[in-house]
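These are my notebook entries on a single structure. I record what I looked up, entry by entry.

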Amino acid sequence: MFNDEPYVAPAVRQRVLDAAKTLGYRRNNAARALASGRTHTIGVVTLGTAGYGPASLLVSIERAVRDAGYALRLVSTLDADPAGIAGGVQSLLEQGVDGIVISEPIDEGAASVGVDVPVLFLGAPPAFTAAQTLTAGTGAVLLARAATDHLLDLGHTTVHHIAGPQRWYAARERLAGWRQALEERGRGTPPVSYGDWSAASGYAAGRELARDSGVTAVFAAGDEMAIGLIRALLEAGRRVPEDVSVIGFDDMPVAAYVTPPLTTVRQPFEAAAREGLKLLVRAIEEPDVDIPPAADPPVDVVARASTAPPPARPQYLDST
């Protein structure tokens with residue numbers, strides 16, 4: 001009755017559900033586990049960071065797990081944690097989860113852990129063995145290409161890039177998308193600047209880029225780095241977007257309220273989590289069925305006031 005059995009008439013099902021609601025009935029998950037051999041629990045390994053992207057993705061995962069009728073167990077890893085992702089996975093397996101989500105993975109080398117339940121990677125997967133591996137939310141290459149193309153379509157000859165930390169698969173994918181967009185259009189690939197996702201690292205990279213009068217467009221791999229970059233450019237006398245156009249990545253809420261409002265690429269956190277969880281639940285409940293790959297994410301370039309066509313003539317600066 002409560003598991004959507006097809007032989008129950010809709011009117012009967014609704015009367016029973018209404019009665020259960022009136023009586024305050026709750027499913028007994030322990031009894032369900034005994035009957036089905038499953039715990040109806042999904043484990044999530046996430047990075048221990050308050051960054052906008054990972055935090056937003058975690059909120060979306062929690063909603064998708066709950067809406068799928070599963071309970072959630074969470075393990076957060078730290079950058080300096082020697083056990084890392086493999087340790088988090090092992091902890092969840094010991095708690096008896098039916099499936100595992102690994103959110104925003106970073107490169108920790110080959111993980112020496114075998115997993116006997118389906119695993120969903122929201123992002124590029126690290127290398128370890130699982131009963132079934134699924135991926136969703138891996139469209140950062142496509143989104144980064146769209147960000148770069150936006151600047152090229154405005155008429156910029158090339159686009160500079162401030163990349164995120166390269167232990168993050170997401171940062172590598174955004175770097176790869178930027179490079180692909182330039183190469184496919186026969187444009188030069190400038191040297192890459194590297195940050196750590198923070199506004200401070202974008203500011204530091206921006207101070208260097210501001211010294212080069214040939215820089216007219218920059219794609220920052222995260223909105224916070226883009227905001228720091230804009231501050232550095234303005235302090236150096238480079239106007240945004242009249243002299244240098246800047247595009248970010250994520251569309252964090254503050255992006256619309258900085259000066260100038262930041263053009264950025266919106267990440268589809270909710271869509272990635274929901275599609276990924278749909279695949280994972282199907283793999284749990286239908287283990288013998290081949291699961292189709294996740295669809296490419298929607299591309300949404302949010303054009304605001306930080307991007308414009310390049311200046312008509314170079315703006316030379318006093319390099320001293």
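Is Asp300 buried, partly exposed or exposed? I looked up its accessibility in this model, which is predicted. Asp300 has a relative accessibility of 29%, so it counts as partly exposed.

**Entry 1: salt bridges around Arg266**

I next looked up the partners of Asp300. Its side chain meets that of Arg266 in a salt bridge, at 2.8 Å from N to O. Arg266 is in the loop between strand 10 and helix 9, while Asp300 is in the loop between helix 9 and strand 11 (301-302), so this pair ties together parts that lie 34 residues apart in sequence.

Arg266 also forms a salt bridge with Asp251, again with 2.8 Å from N to O. Asp251 sits in the loop between strand 9 (245-247) and strand 10 (264-265), so this second pair ties together parts 15 residues apart in sequence. I noted Arg266 as partly exposed, because its relative accessibility is 36%. Asp251 has a value of 11% and therefore counts as buried, the cut-off being under 20%.

**Entry 2: other salt bridges**

I searched the whole structure and found 14 salt bridges. One of them joins the side chains of Arg66 and Glu62, at 3.4 Å from N to O. Both residues belong to helix 3 (residues 52-67) and are four residues apart, which is about one turn of the helix. Glu62 is partly exposed, at 32% relative accessible area.

**Entry 3: helix 5 and helix 6**

Two packed helices are described by the angle between their axes and the distance between the axes. I looked up both values for helix 5 (residues 140-153) and helix 6 (residues 169-184): the axes come within 7 Å and cross at roughly 45 degrees. The two helices are therefore oblique to each other. The crossing of helix 5 past helix 6 is right-handed. I then listed the residues that make the contact, among them Ala144, Thr148 and Leu152 of helix 5 and Ala170, Gly177 and Ala181 of helix 6. By type, the contact residues divide into nine nonpolar, three polar and five charged.

Where is Ile162 found? I located Ile162 in strand 6 (residues 160-163). Its relative accessibility is 0%, so Ile162 counts as buried. Leaving aside residues up to four places away in sequence, Ile162 touches several others, including Ser193, Leu209, Val218, Phe219 and Met225. Gly195 is also touched by Ile162; the two are 33 residues apart in sequence, yet their C-alpha atoms are 6.5 Å apart in space.

**Entry 4: backbone exceptions**

Most residues other than glycine have a negative phi, and most peptide bonds are trans. I therefore looked for exceptions to both rules.

- The bond from Val240 to Pro241 is cis, with omega near 10 degrees. Pro241 is placed in the loop between helix 8 (223-235) and strand 9.
- The bond from Thr259 to Pro260 is cis as well, with omega near -5 degrees. I found Pro260 in the loop between strand 9 and strand 10.
- His40 is not a glycine, yet its phi is positive, at about 50 degrees. His40 lies in the loop between helix 2 (29-36) and strand 1 (41-47) and is buried, at 8% relative accessible area.
- Trp197 likewise has a positive phi, near 85 degrees. Trp197 lies in the loop between strand 7 (193-194) and helix 7 (199-210), and its 19% relative accessibility counts as buried.

Methods: Residues numbered from 1 in each chain as written. Predicted model: local features only at pLDDT ≥ 70, side-chain atom pairs only at ≥ 80, totals over all residues. Heavy atoms only, no water. Axes fitted to C-alpha atoms, helices over the stretch in contact; angles between N-to-C directions. Parallel < 35°, antiparallel > 145°, perpendicular 65-115°, else oblique. Left-handed = near helix turned anticlockwise from the far one by under 90°. Contact = heavy atoms within 4.5 Å. Nonpolar A, V, L, I, M, F, W, Y, C, P; charged D, E, K, R; others polar. Salt bridge = Lys/Arg side-chain N within 4 Å of Asp/Glu carboxyl O. Buried < 20%, exposed > 50% of the residue type's maximum accessible area, 1.4 Å probe, protein only.
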